[in-house]
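Open the model in your viewer and keep the selection tool ready. The tour makes two stops.

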Amino acid sequence: MNDLHVVILAAGKGTRMKSAIPKVLHHLAGLPLIEHVLRTVDQLDVASKVLVVGHGADEVRTTLTGRPDLQYVVQSPQLGTGHALLQAEPVLKDKKGTVLLLYADVPLLQSSTLSRLVEAHRSARAAATVLTAELQDPYGYGRIVRDTAGLITRIVEHRDASAAQQAIREVNSGIYTFALSSLFDHLHRLATDNAQGEYYLTDLVAMYRQEDKRVETLRLDSADELRGVNSRLDLAELSAVLRQRKNRSLMVSGVTLEDPATSYIEMDVAVGQDTILGPGVRLEGTTTIGSRCRIHAGSRLTNATIDDDVVVLDYSVIVDSSVGAHAAIGPMAHIRPNSVVGPSARVGNFVELKKTSLGRGSKANHLAYLGDATIGEGANIGAGTITCNYDGVNKHKTVIEDGVFIGSDSQLVAPVTIGRDAYVGAGSSITRDVPAGALAIARSHQTVKDGWAAKLKADRAANKKEKK
Ligand code: UD1
Ligand code: CA
């Protein structure tokens, strides 16, 4: 029976974030807040998904263009959470069943918890069911007020709560299920007689109870997953929780984290067995790392694809690029977008690659800039080699074929091709193609003057005598 309709409130400004960016687009562990909630919903079987947008509506829609199954309703102006849900009336008024209401700023929620909530709601045939938990520090949350029989009578917002009510530690998570049948009738009757002058969704509870409608609660043992993001402090605290979740799941699956406290690994990252991650490693976006790799301290990998048995030495950066099996990178290497480091290749210290492929077993061990270059297999790129790929207007390509040896401190002025097995002498400025198997040397000739130093010394001594 699929009559579950999800409504997510995401119209608020997020005043306490002090930000020009809509709150729900702030990133948590590499994903916008709203994306966390949507991924949780993805794991449920739902009939429809409605997103209530308002503040920054266009930006929110643009961010979510990859999700065509979302229906949008706009709340403008934003007059409170009750008013926000009311905006979904045109989409849901002819529907039957249950509304699962979520706030976009509550990102740690697990889908199993939502399933339990829906289940509890349906089996109790409740008009509303509220997900609650006890918090050590309930500051800022709505409090759950119960009667002597223990039934929920109302939710009081922190700002509207008396001192006694503020002492209540059971809080409203902002997650509820509602029977659709009478929901919108009641939402129309909400008032704004509260500290913020807003239409509070939470007031539905008291309204229902006064009409003797059934309101249930599902109280969770741990409040961790119900925490909302209202400020940057919350953002930092919640990201620590998510980070621990991700670290733990990697360790459980066979990855060693030398210092989990300083490992920053985003949600979509995958790491293979027996890979060891050093302290301060940052793995972002869709980075995938194979088995038996070692990623040393302080390296950052963004959308990188790393095969098995790769070593990335300390403080290297790899972005939108791939590295083949048994290759070694760094320390302090910079692999910029669209680069491909082949299997068993070696990119050493202070080497920068940009839009460059380095073939199997090729080496660029020290101090080089290789941009817009295609480098074959078994090539040796000497220390200080620079591809001069930019003429001030356009970028040009350098081709270095298999087995080429580029001597140290050479400049390759693109467009230029160095043919298979050719040699370039150290210190050359190569401006024309080098045929396969040839040796190219392009540097000024060395002049040697025998005994020149002794002559200089003698001249200086004579000069001194004259002056006296
Ligand atoms: C709300 C609850 C509070 C609960 C807390 C849990 C109300 C009145 N209070 O308080 O009981 O403990 O969440 O995190 O519901 N929004 C709109 N339109 C609006 C106002 C808000 O779409 O006009 C959205 C926001 O974008 C946000 C969510 O609703 O995603 C919650 O709004 P927020 O202002 O953060 O409510 P809280 O003060 O946290
Ligand atoms: Ca909130």
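A residue counts as buried when its relative accessible area is under 20%. Keep in mind that this is a predicted model.

Select Ser428. Is Ser428 buried or exposed? Its relative accessible area is 0%, so Ser428 is buried.

Now show what packs around Ser428. Beyond the neighbours within four places in sequence, Ser428 has contacts with Asp409, Ser410 and Gln411, and also with Ala440, Ile441 and Ala442. Zoom in on Ala442. Its backbone nitrogen is 3.0 Å from a polar atom of the Ser428 side chain.

**Stop two: the ligand**

Select ligand 1. Where does ligand 1 sit? The largest pocket holds ligand 1. Display the surroundings: 23 residues surround ligand 1, and the closest are Gln75, Gly80, Tyr103, Glu157 and Asn172.

Colour by secondary structure next. Three elements, strand E1 (4-10), helix H3 (81-86) and strand E10 (170-179), each give at least two residues to the shell around ligand 1.

Then pick out oxygen atoms of ligand 1, one distance at a time:

- Glu157: a polar side-chain atom is 2.7 Å from an oxygen atom of ligand 1.
- Thr81: a polar side-chain atom is 2.8 Å from an oxygen atom of ligand 1.
- Gly12: a polar backbone atom is 2.8 Å from an oxygen atom of ligand 1.

Finish with the surface display. On its own, ligand 1 has 760 Å² of accessible area, and the protein covers 92% of that.

Key. Residues are numbered from 1 along each chain as its sequence is written. Chains are lettered from A and ligands numbered from 1 in the order in which they are written. This is a predicted model: local features need pLDDT of at least 70, side-chain atom pairs count only at pLDDT 80 or more; totals for chains, interfaces and linings use all residues. Side-chain values use heavy atoms; hydrogens and water are left out. Buried means under 20% relative accessible area, exposed over 50%, partly exposed in between (1.4 Å probe, protein chains only). A polar contact is a pair of N or O atoms within 3.5 Å; within protein, one must be able to donate a hydrogen and the other to accept it, and residues adjacent in sequence count only if both atoms are side-chain atoms. Contact means heavy atoms within 4.5 Å. A residue is near a molecule or strand if one of its heavy atoms lies within 4 Å of it. Accessible areas come from the Shrake-Rupley method with a 1.4 Å probe; for residues, only the protein chains shown count as cover. On a 1 Å grid over the protein atoms alone, a cavity is a set of points where a 1.4 Å probe fits but cannot get out, and a pocket is an open set with protein on both sides within 12 Å along at least five of seven lines; lining residues have an atom within 4 Å of a point. A molecule sits in a cavity or pocket if more than half of its atoms lie within 2 Å of its grid points. Helices (H or I, at least four residues) and strands (E, at least two) are DSSP runs, numbered from the N terminus.
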